[in-house]
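Dear colleague,

Please find below the structure that I am handing over to you. My notes on it follow.

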Amino acid sequence: TVSQVHAVEILDSRSRPTLAVTLETDAGQHVRAGVPAGASTGTREAVELRDHDPHRYSGQGVLQAVQSVNGEILDRLRGQTFDGPSDLDHALIELDGTENKSRLGANAIVGVSIAAARAFAETAGVPLWKHLSGEVAEPRMPVPHFNVINGGVHALNELDFQEFMIAPLGAPSIAEAVRAGSEIYGALRALLHGRGMSVGLGDEGGFAPEIAQPEEALDLLVEAIRTAGYTPGRDGVAIAMDPASSEFYHDGAYRVAGQDFTSDQMIDRYADIVERYPVWLLEDGLAESDWDGWQRLTERLGDTVELVGDDIFCTNPKIIAEAITKGVGNASLIKVNQIGTVTETLDAMRVARDGGYAQFVSHRSGETEDAFIADLTVGSGSGHLKSGAPARGERVAKYARLVEIEDVTDLPYGLR
Ligand code: PGA
Ligand code: ZN
């Protein structure tokens, strides 16, 4: 039985306001959740409520969302007993009453939903990952994807592609994968510094050097992987990219380093990249509105590369189902705040699984120290997650949680 729900406005890792939510029960549970926030958002994401008061935080305040929790949501939940997370999440969805959670705010709802999932796990007396297990696939430890070079809207450099990640697919365990991530991150820093390039960081803790072409970033990564003593490739440390291409797609053209490309020219470039570099995963290679291009990209590279839809799918079970029918991509990114409740997130993962699509669990560029996604990726058996660089508290919190889970379990590591 819920006895109290309360939210307060705090800062996220980008110094923008977000919510911290606490939830208490009659049984004495006191749980908390921090709400993440994106910068390169899909247009069909659940709606994050912002105050748009120019006199506070440049309009980014979340006092209305805080009021949703401390007012209507509290009134609805207090004194009520719920059978499980799905029961409570559906009460929130109904209370909001809109298709995209725009009335109470997805940021308000997701904070309560995550806190509630924790309370249910505590009630059951099991770790959160275990409480979430059995919903999608057998639990396992995921391959961490460390975002070590930042561009796009996450950095102020000229690099249009947003994320360049290293993925220790061949590591024996999470602990060793984290070690590889950190050692390669260190090697990359030395490499950049040695060349007189900036070692300043982007929003997700990766370096933001003064480069413009994606191939330059890939060259740097391959060299850093080797310098740190690892083997580039699927048996060692592979590379993943999230160009987040919706951000540089305008009037039917992709603008990369000042040059315009058609969808087919982008596909050619990706095919060339995949041939020359150990890139195993490509997220948002094409824009969220370019479904035809996505189909051709999937025909061309779908057998060899994991093609992840982020902005195009928005963790939305209906859109993922449509994509499966149309042969668009072969994997879905999974961000809890894109859809707004834990229950719908698990629905999205099941829809993806049933269609043969992989599920890639993800943080947002604006984060708190909340490590919910670590438990989600383990419990759902998604096999891989991205949570930014192997540095900075809000990123490392997730990797640390994974190491701690591994320490007390004997779950298998790696992709399914
Ligand atoms: P976002 O970026 O959190 O700013 O949306 C992450 C991503 O595009 O995957
Ligand atoms: Zn993305």
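Leaving aside its neighbours within four places in sequence, which residues is Glu204 in contact with? In this predicted model, the residues in contact with Glu204 are Asn147, Asn150, His154, Glu163, His363, Arg364, Ser365, Gly388, Ala389 and Arg395. With Asn147 there is also a polar contact between the side chains, at 2.8 Å. Glu204 is located in the loop that connects helix H5 (174-194) and helix H6 (214-227), and its relative accessible area of 2% makes it buried.

If residues up to four places away in sequence are not counted, Lys335 touches Asp310, Thr315, Ser362, His363 and Arg364. Its side chain is joined to that of Asp310 by a polar contact of 2.8 Å.

The model contains eight aromatic pairs. One of them is formed by Phe146 and Tyr399, a tilted pair with 4.6 Å between the centres and 55 degrees between the planes. Because Phe146 belongs to strand E4 (residues 143-150) and Tyr399 to helix H13 (residues 393-408), this pair ties together parts that are 253 residues apart in sequence. Both partners are buried: Phe146 has a relative accessibility of 0%, and Tyr399 has a relative accessible area of 4%.

A further tilted pair consists of Phe161 and Tyr270, at 6.2 Å centre to centre and 40 degrees between the planes. Phe161 lies in the loop between E4 and strand E5 (163-167) and Tyr270 in helix H7, so parts 109 residues apart in sequence are tied together here. Phe161 is buried at 2% relative accessible area, as is Tyr270 at 1%. The two belong to one aromatic cluster, together with Phe164, Phe248, Tyr249 and Tyr254.

Tyr270 leads on to helix H7 itself. The 14 residues of H7 (residues 263-276) should span 20 Å at 1.5 Å a residue, and the end C-alpha atoms are 20 Å apart, so the two values agree. Besides Tyr270, the buried residues of H7 are Ser263, Met266, Ile267, Arg269, Ala271 and Ile273. The elements against which the buried residues of H7 pack include H6, strand E6 (238-242), strand E10 (279-283) and helix H8 (291-301).

With kind regards

Technical notes. Residues numbered from 1 in each chain as written. Chains lettered and ligands numbered in written order. Predicted model: local features only at pLDDT ≥ 70, side-chain atom pairs only at ≥ 80, totals over all residues. Heavy atoms only, no water. Helix = DSSP H or I, 4+ residues; strand = E, 2+ residues; numbered from the N terminus. Buried < 20%, exposed > 50% of the residue type's maximum accessible area, 1.4 Å probe, protein only. Contact = heavy atoms within 4.5 Å. Polar contact = N/O pair within 3.5 Å; in protein donor to acceptor, adjacent residues only side chain to side chain. Expected span 1.5 Å × (residues − 1). Phe/Tyr/Trp six-rings, centres within 6.5 Å; stacked < 30°, edge-to-face > 60°.
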